Amino acid sequence: MSDFQNKTSIQEDNGAAGYLFVFFTGEHEDGEQIYFAVSRDGLHWEELNGGKPVLRSGIGQKGVRDPFPVRDPKTGKCYLIATDLRIGAENDWDKAQYAGSRDLMVWESEDLVNWKRPRSCTVGVPEAGCVWAPECIYDEEKEAFFVFWASMVRLPGESRAKQRIYGAYTRDFVQFGESFIYLDTPEDVIDMNIVYKGGFYYRFVKNEVTKKVWMDRMTGLQEKKAERLDVPLLEELGGVEGPECYPLPDGTWCLILDQFGTGKGYLPLLCSNLEKADFQVAQAGSYDLGTLKKRHGGVLAIRQDEMDRLRERFGASR
């Protein structure tokens with residue numbers, strides 16, 4: 001049985017020794033593959049494997065973006081899911097959205113250093129033009145993972161296709177239940193992250209029209225209505241995507257946002273209490289994102305033995 005018994009990929013107060021960050025680096029050669037970095041405090045990161053990809057996709061579009069790691073609370077096995085997309089090969093965002101892959105890519109590992117060959121899983125509905133930024137959270141009531149992603153779909157009676165958040169359940173990342181619309185707003189939405197704290201599921205979502213991230217909360221994963229939270233800082237920040245929220249060792253919550261609009265990489269925001277949503281930009285000098293410009297990725301809490309194995313196998317560098 002795993003020590004990481006919780007509803008999200010990050011565990012609080014569980015003796016975690018640090019964090020693993022999985023990410024891609026951009027549209028350049030080898031940029032759309034999987035990179036690893038580790039951190040003791042969740043703010044200062046060291047790249048592994050000499051800053052080179054740790055995992056590669058040779059199937060599907062032979063490139064992956066938006067990787068997200070998660071741990072099975074029952075078995076301790078870790079999965080890594082990602083977008084099947086190599087935009088650098090064609091540089092055609094219209095084709096990627098409207099006629100792209102309907103698959104998500106899956107790796108799995110028992111120890112975070114030995115990974116099975118990737119497999120592709122078709123989860124997008126037949127009308128979908130893409131399956132972007134897949135993430136997941138463990139639903140304890142259903143004892144299954146709720147996987148969600150963005151798809152460009154034109155529904156009957158609509159004049160145009162729109163990005164919506166779809167979802168499906170799985171227990172093994174091999175067999176998936178029927179896909180369904182999870183979040184549909186008047187404007188296109190992509191890049192959703194969900195964390196659980198104190199009886200609430202907090203969601204961070206990118207508005208694809210304003211290029212800003214908003215935050216809401218609900219008491220159940222499948223509730224139809226959510227409470228939108230007032231977060232002044234998020235209303236000010238434009239040109240951001242790929243939100244990832246996780247608790248730091250001292251209980252502070254860190255929300256990292258990919259500043260794709262300016263090409264500056266991730267920006268950490270800190271919050272003392274998710275219920276207050278009092279996010280502020282981390283002070284300069286209080287964090288170090290490493291040498292590589294990290295693009296849309298995900299963070300996983302890891303134990304000391306896992307940290308040791310990762311460092312031993314891949315090495316760490318500043």
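The side chains of N193 and E244 are joined by a polar contact of 3.2 Å. A polar contact is a pair of N or O atoms within 3.5 Å; within protein, one must be able to donate a hydrogen and the other to accept it, and residues adjacent in sequence count only if both atoms are side-chain atoms. N193 lies in strand β12, where strands (E, at least two residues) are DSSP runs numbered from the N terminus. With a relative accessible area of 2%, N193 is buried; buried means under 20% relative accessible area, exposed over 50%, and partly exposed in between (1.4 Å probe, protein chains only). Leaving aside residues up to four places away in sequence, N193 touches F68, E135, F148, Y202, R203, F204, P243, E244 and C245, a contact being heavy atoms within 4.5 Å.

This is a predicted model, in which local features need pLDDT of at least 70 and side-chain atom pairs count only at pLDDT 80 or more, while totals for chains, interfaces and linings use all residues. Residues are numbered from 1 along each chain as its sequence is written, and side-chain values use heavy atoms, with hydrogens and water left out. The protein chain averages a pLDDT (the predictor's confidence in each residue, from 0 to 100) of 94, and 94% of the residues score at least 70. Over residues 1–14 the pLDDT is below 50, although this stretch has 50 contacts in the model beyond near neighbours in sequence. Where pLDDT is low, the predicted coordinates should not be read in detail.

A second polar contact, of 2.4 Å, links the side chain of E46 to that of R311. E46 is found in strand β3 (residues 46–48) and is buried, with a relative accessible area of 18%.

The largest nonpolar core has 25 residues, of which I165, Y182, L183, M192, I194 and L221 touch the most other members. Such a core is a set of buried Ala, Val, Leu, Ile, Met, Phe, Trp, Tyr and Cys residues joined through side-chain atoms within 4.5 Å. Among the elements that give two or more residues to this core are β8 (132–139), β9 (144–153) and β10 (162–170); β9 gives the most, with 5 residues. Beyond residues up to four places away in sequence, the contacts of Y182 include F146, I165, M192, I194 and L221.

Aromatic pairs number 20, counted where rings of Phe, Tyr and Trp (its six-membered ring) have centres within 6.5 Å; planes under 30 degrees apart count as stacked, over 60 as edge-to-face and the rest as tilted. The rings of Y138 and F145 have their centres 5.1 Å apart and their planes at 75°, so the pair is edge-to-face. Both Y138 and F145 are buried. One aromatic cluster is formed by F21, F23, Y35, W45 and Y266.

Charged ends also sit over rings, as tabulated here; the criterion is NZ of Lys or CZ of Arg within 6 Å of the ring centre and within 35 degrees of the ring normal.

| Charged residue | Ring | Distance to ring centre |
|---|---|---|
| K142 | Y169 | 5.3 Å |
| R217 | F200 | 3.9 Å |

Two loop positions complete the account. F176, in the loop between β10 and β11, is buried at a relative accessible area of 19%, and its contacts include L104, C121, V123 and Y169. A226, in the loop between β14 and β15 (227–228), counts as partly exposed at 33% relative accessibility.

Key:
Helices (H or I, at least four residues) and strands (E, at least two) are DSSP runs, numbered from the N terminus.
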